[in-house]
Structures are given as structure tokens and as C-alpha cells.
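User: Hello! Could you help me learn to read strands, pockets and cavities in a structure that is new to me?

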Amino acid sequence: MPHEIDPSFLALPLRPLADAALARARALGAQHADFRLERVRSASWRLRDARPAGSSDATDLGYAVRVVHNGTWGFASGVELTMDAAARVASQAVAMAKLSAKIIAAAGSDERVELAEEPVHSERTWVSSYDIDPFEVPDGEKSGLLADWSERLLGAEGVAHVDASLLTVHENKFYADSAGTVTTQQRVRLHPQVTAVAVDEDGGFDSLRTLAPPAGRGWEYLTGAGGWDWDAELAQMPSLLAEKMRAPSVEPGAYDLVVDPSNLWLTIHESIGHATELDRALGYEAAYAGTSFATPDLLGTLKYGSEIMNVTGDRTAEHGLATIGYDDEGVAAQSWDLVRDGVLVGYQTDRRIARLMDLGRSNGCAYADSPAHVPVQRMANVSLQPAPDGPSTQELIAGVERGIYVVGDRSWSIDMQRYNFQFTGQRAYAIRNGRLAGQIRDFAYQGITPEFWGSMEAVGGPQTYVLGGAFNCGKAQPGQVASVSHGCPSALFRNVNILNTAEEAGAA
């Protein structure tokens, strides 16, 4: 059954605080004001070789007021839950806007902040899709499950060490603005992870990590009811790790590449997700991870990839980590095209950037990771769409004479314009004459973003589609962290350059 907003959150003086702050901001001449109160509870458990190695449980509670005053942003935050304090915070936000206006004028800029129009959403509530709130599960049950998983792996031949962890988040958010929008939301998400380590007689070692992605789900995800077969994955890991330890080093060169969704999601994140953030493409975001080669003058003409490449930005995907009902500017969640038939056709925007570029309505990508931080443009669930009647992963492999099949994410590297990149993976298999021919090691695939996606010859069908993602996407200064999902099918790329990372390290 659908969950309701936590009564203890609703018991907070949400509307009185918002009314006090917004009234003060209007009285001081703000053209726009918004109030956001958040309660974010985060907890984690970590085990090393089935023994406790650390845990945490913290709650962040506070509120923020953001204003546009005389065409300039102002922002302030507070923790004292009284109407007088909320009004003072609003006064501080206006004072900050006035100070910023002087600094901007001294720098010779006449740019004014204006926001794209958004319909008023009055008294709306939204709760993410989950069955069991992990915070309702006893801590002993959580650590006990991690210990059980660890002991299964430690009991297998060749496994020397096991790390297991679980991160859980319960986020409540109340938003109100001077236009009349009022929203109350609740999200639950978690990230389970298990890593097995093998050590050989000569001191060589390697590891293998579970492929289960973090998800906007509840405790049911860890018990097999949430769409992931943990028993099957854990049972396979020791033999897969043993094979990886024996695997030969890859011979560098050009190969056809079949990339599993467990690896491809990260390539999407780095080479498409960040590159289509419009603030980054405009140069407003540059200090943290750079700008983008996909500049606005190329919108509608840039050949981002092959004609079978269709990528969406989506804030509505069920169980997505970036899925919401309304963003931190009161914009309703949407789904839209970023790349259609291989051509760049859209960006991710917030209200200011959408208005600046005369794009009409924002597509709802404003987010702050805490009540102490100002909302910034953040990534939606950016996903590569499958072919409606597309092939299975096995059928993609069958179409390759000499290639590599890559499974699971590992390390990544990409330049400051999201153009040149290099990615590795958890596992890789040689493909010979349409069949897997055993694991190989020390590989990395290398590409230039439009050339790599242009080499994509086939995408799998819906049966291969998996929603991957991460808890730790970083952006902005001061730095903020956001969770985001990326769905994709398996995909076939032709003639991709493969490096031998052991040789590269030796040469360095």
C-alpha cells in the first residue's frame, strides 16, 4: 500500500514558519521567495569480515529561505523552529541579495535573475515507491543480514576478506513559495554493497563487488522481494572471483564491445548526464568537474551518437534515485528527450537557466542536498532507451567475432568537457566467434564521447534494461552530493580502443 507522509514531520510548524518567512521577504521587496524545510535521516552500517566496522545514524533538520530581490539571488538558512527566527532568516536572505547586487555591479555585470513560469501547485503531497521503510527495521536485523552475506562468502574457497555495507536515507521536504505552491514530500532510498577480496600465494590480489545498484526502494530490496536475487549473486561471486584471479591480461587494440547495463550506466552518467546539464554547458558550472562540449549553439544539430541512440531525462521513473514529485523550486516532475535519434535535442534545466535561455518551462532539475545549501541545477535520471523489440544480451554477443563483454563498474576518468574518457569494469570476457571465451584482466575502454556513441550499432530490448546509479554525484561549491539513477539496456559498440592498464601503469 502507498505510504503517507510521516506524522512526526507533519507535526512540525511547517506552514507557520513558511508564512512568517515569506511574509517578511515580500515586505522587504522580494520579487520571489521560497521556503524549504527538510528533515533528512541518514544511517549506515559497515562490516569487515562479518564483524562490525562502523555505523552512523544522523538527522539533519533545518530550513532555508531563498529570494530574488531586485534581480539578484539571496539565501539564508536556520534551525530555530520559531516564526520570529524564520522571519529573521528571510531578512538575512534579502540582505544577502542586496550585498550580492553591489558585488555584481562592481564587477560590471548587469545580468538579472529571472525565473521561468511554473503553474501553482497548491497543497500537493508525494511519496516515493517503497514497501518497508528501512528505518522501521531493527538495526540488529540490518547488521545480521550483512553478516550472513559476509559469512557465506568467507566460507567459500579463495575468498580472503569481505566488506559489506548498507546506506539508508529517509528524506522529508516541505516547500512553499510566494506564488502559492505548497508541496510536502517523502523519499526513501538505500545502497547495499558487498565486496569479496582474493589474495594469491604471491601476494597478488583482486576483488569483486555485487552488481545490485542503489535504488529508491525500501527494505524489501534486500530480502529478494524488490527485484534483485541476492542469493544467486552471492552464490556466483566466489567462482567468478577465482576465474578473475586466473584470467590473462588483455591484448590492447581495437575490439567490438558489448557493455552490460551494470557498466554502461556510469558511462551515461559521465558522458551524457553531466554534459547535458545546461548550467555546465553555458559555463556557469566549471570549477567542479568542468563544463561541457555540448554547447547550446549545437542544440538540434550535434550528432551525439548513432541513430538508435535515444536518451531521456526523467524525474518520474519508479524507484529512480533522482525521482521526485516536485523539485526544490516547486516544479512538477517531468520526463523529456535529451538525445533523439542520435541528435542533441534537450538539456537539464532549473527555472533560472530555462528563463535565461528562453526555453519556456523548467524541467525540474533544482535540488539541494540539505537545508543549509542553496538549490542548484542537478542531474535527473538520465537513461538510454532500449529497442522495443531489441535483442537479448546473448544475441548481442552472438553478433561479435572478436570482442569484449564488460560487466560492472569500477574506475573512470573523463576530461573537463566530458569529451575524452576511459572506463574499466568489474569483469570482462573475451568474445570469440559469438561466444564468451573466459575472463580477461587489466582492460579499459577508451573513447571520445560522440565517436563512442556513434559506434553504437545495437541496443538490447526491454528485457536487458536495468536502472543503475549512484549515491555520490558531486557538484557545486560548497560541494553538494546527490543520488541519481541511469537506466539502460545492454549495447553493442564497434571498433572501440582497448588499453592494457597494467602496461600503461608500467610505462608511467
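Analyst: Gladly. This is a predicted model, in which local features need pLDDT of at least 70 and side-chain atom pairs count only at pLDDT 80 or more, while totals for chains, interfaces and linings use all residues. Residues are numbered from 1 along each chain as its sequence is written, and side-chain values use heavy atoms, with hydrogens and water left out.

User: Which strands are joined to β22 by bridges?

Analyst: Start with the general idea: helices (H or I, at least four residues) and strands (E, at least two) are DSSP runs numbered from the N terminus, and two strands pair if DSSP finds at least two bridges between them. Here, β8 (residues 253-259) is joined to β22 by six bridges, β18 (residues 443-448) by four and β19 (residues 456-459) by three. β8 and β22 run antiparallel. For landmarks, Gly-253 has Ile-498 as its bridge partner, Phe-443 has Asn-500, and Val-459 has Ala-491.

User: Is β22 (residues 491-500) mostly covered or mostly open?

Analyst: Buried means under 20% relative accessible area, exposed over 50%, and partly exposed in between (1.4 Å probe, protein chains only). In β22, seven of the ten residues are buried, so the strand counts as mostly covered.

User: How many cavities of 30 Å³ or more does a search of the whole structure find?

Analyst: Rolling a probe the size of a water molecule over the atoms shows where empty space is left. On a 1 Å grid over the protein atoms alone, a cavity is a set of points where a 1.4 Å probe fits but cannot get out, and a pocket is an open set with protein on both sides within 12 Å along at least five of seven lines; lining residues have an atom within 4 Å of a point. Grid points are joined across faces, edges and corners, and a volume is the space filled by probe spheres set on the points. The search finds two such cavities. The largest holds about 70 Å³, and its lining includes Arg-187, Arg-315 and Tyr-367.

User: What lines the second largest pocket?

Analyst: That pocket, with about 870 Å³ of space, is lined by 30 residues, and Trp-73, Arg-352, Val-374, Pro-375 and Val-376 lie nearest its centre. β3 (72-78) is one of the elements that give two or more residues, and β3 gives the most, with four.
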